[in-house]
Amino acid sequence: MMIIAKCPLRVSMVGGSTDLEAFIDKYERGSVISFPSNLYTYITVHDNHTDKYIINYSKKEEVDKATDIKNDVAREALVYFDVKPVTVTFNTDILSEGSGLASSSSYTIAIVKALSMYKDMNLSDFEICRLALQLERNFNPLTGYQDSYGSGIGGFKRIDFHKGRRPLFRYLDVAFLEQYDMYLVNTGIKRSSTPVLQSVNIDKSASLLPLVDDMEMTIETNDSISFEKIFNQGWAQKKATSNLITENPKIKQMDELFSKNSMIRAVKLSGAGGGGYFLLLCDKNVEAKIHQAFDQVG
């Protein structure tokens, strides 16, 4: 038996950091606007008819016990589901390690889906996201709520998080985004999100909460000018929460280049910061000129 599961990488527009456990513990709520992209992670699970667990990713592991697996996602999921020795293979559409697109959460959701099917369990998308977050926090306690729910629940949406309650979803008009061409630009810098998240000033993140309300209003009223202003304001306020977000000189260079380009209406670094991908919202039909702008990055 072979099972293949996939999960999109999520793109966050505003509100990142307010979904962290430490923030919600203090302020009792958090909120983000995000959407799943058309880029995916993939998990394949199949019987291998051996007595070893075989895990294929950027490395290959062959071990006797699931607890000995070094790949965090595979280990936690296989132990939780108590699966006999199988082969698990990881694939993705992009270079996802340290991408800021919640690739670890996306992989965890995909493997939870695959193993639940392998065990003939019928889990809802929400249950899969909740379990994936629980498993990921076993090896990364700083994982934010938006990473699993933003990836595993479809649609362009606002997600509200409240202390001690399940997340609430409000779906937004995806047609609003169709006025832009959107690009993800790789900084070429891999990083662990942990040091960045540990450095975030929770109190400075509080200023991002009202921007979520403001952005939702601009989408509802189709006010693109205000939307772009709020998007860029959110990025500026996000940078102020930690010096590590744009500490790398190349990131500063790219940020300045993109921010000054008149064809690029809004820009932010995805995820915690420090590396990964920039998200650009651009005018329509300027791809060739945008590529020229990208070529200026050293």
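The residues that line the largest cavity divide into 5 nonpolar, 4 polar and 2 charged. Here Ala, Val, Leu, Ile, Met, Phe, Trp, Tyr, Cys and Pro count as nonpolar, Asp, Glu, Lys and Arg as charged, and the others, Gly among them, as polar. The model is a predicted one, in which local features need pLDDT of at least 70 and side-chain atom pairs count only at pLDDT 80 or more, while totals for chains, interfaces and linings use all residues. Residues are numbered from 1 along each chain as its sequence is written, and side-chain values use heavy atoms, with hydrogens and water left out.

A cavity is a set of points, on a 1 Å grid over the protein atoms alone, where a 1.4 Å probe fits but cannot get out; lining residues have an atom within 4 Å of a point. Grid points are joined across faces, edges and corners, and a volume is the space filled by probe spheres set on the points. The count is 1 cavity of 30 Å³ or more, and the largest cavity has a volume of about 70 Å³. Its lining includes S12, M13, F231 and W235. Strand β1 (2-14) and helix α9 (224-239) each supply at least two lining residues, and α9 gives the most, with 4 residues. Helices (H or I, at least four residues) and strands (E, at least two) are DSSP runs, numbered from the N terminus.

W235 leads on to D255, which touches W235, K239, V267 and F278, not counting residues up to four places away in sequence; contact means heavy atoms within 4.5 Å. D255 lies in helix α10 (residues 249-260) and counts as buried because its relative accessibility is 7%. Buried means under 20% relative accessible area, exposed over 50%, and partly exposed in between (1.4 Å probe, protein chains only). In helix α5 (residues 145-152), 8 of 8 residues are buried.

One of those buried residues is Y145, and the charged end of R137 sits over its ring, 4.4 Å from the centre. That term requires NZ of Lys or CZ of Arg within 6 Å of the ring centre and within 35 degrees of the ring normal. R166 lies over the face of F126, at 3.8 Å from the ring centre.

The structure holds 15 aromatic pairs. Among them, F23 and Y27 are stacked, at 4.6 Å centre to centre and 25° between the planes. Rings of Phe, Tyr and Trp (its six-membered ring) pair if their centres lie within 6.5 Å; planes under 30 degrees apart count as stacked, over 60 as edge-to-face and the rest as tilted. F23 and Y27 are 4 residues apart in helix α1 (residues 21-27), so about one helical turn separates them.

Key:
1 Å grid on protein atoms, 1.4 Å probe; cavity = no way out; pocket = protein on both sides within 12 Å on 5 of 7 lines; lining within 4 Å.
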